[in-house]
Amino acid sequence: MSSSRPVALITGASAGIGREIARILAADHDLILSARREPELRALAAELAPATCRVVTADLSEPTGPRKLFDAVAAAGLEIDVLVNNAGFGDLGPFADADLAKMLRMIQVNVASLTELTGLFVPGLRARGRGRVLNVGSVAGFQPGPFMAVYYATKAFVNSFSAALANELEGTGVTVTCLCPGPTVSEFATVAGVQSLSQFEPGTAAATRPVAEAGVRAMRRGQSLVVTGFKNKLLIFAERFLPRGVVIRAVRSLQDKRRGKA
């Protein structure tokens with residue numbers, strides 16, 4: 001990799017927001033692209049000249065995944081300047097009927113792997129006195145989510161963890177940004193089983209490119225939080241003035257509509 005360009009590591013780079021973040025950062029970074037699917041990563045790498053791209057496949061649903069990714073970067077003699085924790089997935093349905101193994105994999109990807117990768121890479125960033133972390137949270141993390149209980153909870157962790165870490169690292173030269181999109185047109189909807197819902201249709205859901213641009217822009221400014229979309233910002237602001245029970249019932253009503261139960 002070129003010594004004159006900073007290096008960004010992006011998880012979940014094979015599709016959606018992660019892929020768009022890679023396309024944006026390729027203008028001035030060399031890239032380490034990571035996900036489970038090597039063909040998609042290699043196709044993206046071929047597209048992203050003039051960036052030099054290294055593909056590292058990793059399954060972050062496995063407990064050994066984060067350390068394997070970190071070790072692969074270290075073995076290549078690379079030091080990263082930007083860590084983008086984008087990998088994640090959701091699922092729709094009652095928790096009591098859910099595939100428990102899938103829920104635990106979700107926690108592993110959305111919470112445990114994000115935390116471990118941050119813990120592995122941030123000490124090096126801090127020691128060098130520079131670096132940026134971009135964590136992809138969600139507007140879902142600002143309230144409990146009946147029928148997507150685990151997903152909402154994992155994103156609450158990401159939002160809270162990112163805010164706390166941003167505060168801890170003030171003055172070190174390392175910044176932490178949490179990107180919180182709402183419904184977005186991406187592969188996430190298909191995996192979560194919500195792709196047919198109106199909130200995720202093109203024209204209603206946000207396109208991935210402007211969401212990625214907002215996240216990168218905020219990261220470059222050292223901004224700790226960015227919520228995309230005026231409606232999402234308004235809803236989160238309004239929640240501050242509503243009783244928690246009202247908020248939960250409102251989310252329950254929305255999820256019932258998504259499940260065709262209204």
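Predicted model: local features only at pLDDT ≥ 70, side-chain atom pairs only at ≥ 80, totals over all residues.

User: Fine. Is E20 buried or exposed, then?

Analyst: E20 is at 9% relative accessibility, so it counts as buried.

User: And which residue does E20 form a salt bridge with?

Analyst: With R23, and the closest N and O atoms are 2.5 Å apart. Both sit in helix α1, which covers residues 16-25. They are three residues apart there, so about one helical turn separates them.

User: What about R23, buried or partly exposed?

Analyst: R23 is partly exposed, as its relative accessible area is 28%.

User: How many salt bridges are there in total?

Analyst: The count comes to 11. Another one is between the side chains of D30 and R5, at 2.9 Å from N to O. That pair links distant parts of the chain: D30 is in strand β2 (residues 30-35), while R5 is in the segment before β1 (7-11), 25 residues apart.

User: Are D30 and R5 buried or exposed?

Analyst: Buried, both D30 and R5.

User: What does D28 pair with?

Analyst: With R220; their side chains meet in a salt bridge at 2.9 Å, N to O. D28 lies in the loop between α1 and β2 and R220 in helix α7 (residues 208-221), so this bridge ties together parts that are 192 residues apart in sequence. As for accessibility, D28 is partly exposed at 32% relative accessible area, and R220 is partly exposed at 37%.

User: OK, switching to rings. How many aromatic pairs does the structure hold?

Analyst: Three. One of them is F70 with F121, an edge-to-face pair with 5.0 Å centre to centre and 70° between the planes. F70 and F121 are both buried.

User: And F157 with F161, stacked or edge-to-face?

Analyst: Stacked, because the planes of F157 and F161 are at 15°, with the ring centres 5.5 Å apart; planes under 30 degrees apart count as stacked. Both residues lie in helix α5 (residues 149-168), four residues apart, about one turn of the helix. F157 counts as partly exposed at 31% relative accessibility.

User: Now packing. How do α4 and α5 cross?

Analyst: Their axes cross at roughly 10° and come within 9 Å. That angle makes α4 roughly parallel to α5, since angles under 35 degrees count as roughly parallel.

User: Which residues make the contact?

Analyst: From α4, the contact uses M103, M106, I107, N110, V111, L114, T115 and T118. From α5, V150, Y151, T154, K155, F157, V158, F161 and L165 take part. Both members of the stacked pair, F157 and F161, are among them.

User: How many of those are nonpolar, polar and charged?

Analyst: By class, the contact of α4 with α5 has 11 nonpolar residues, four polar and one charged.

Terms used:
Residues numbered from 1 in each chain as written. Heavy atoms only, no water. Salt bridge = Lys/Arg side-chain N within 4 Å of Asp/Glu carboxyl O. Helix = DSSP H or I, 4+ residues; strand = E, 2+ residues; numbered from the N terminus. Buried < 20%, exposed > 50% of the residue type's maximum accessible area, 1.4 Å probe, protein only. Phe/Tyr/Trp six-rings, centres within 6.5 Å; stacked < 30°, edge-to-face > 60°. Axes fitted to C-alpha atoms, helices over the stretch in contact; angles between N-to-C directions. Parallel < 35°, antiparallel > 145°, perpendicular 65-115°, else oblique. Contact = heavy atoms within 4.5 Å. Nonpolar A, V, L, I, M, F, W, Y, C, P; charged D, E, K, R; others polar.
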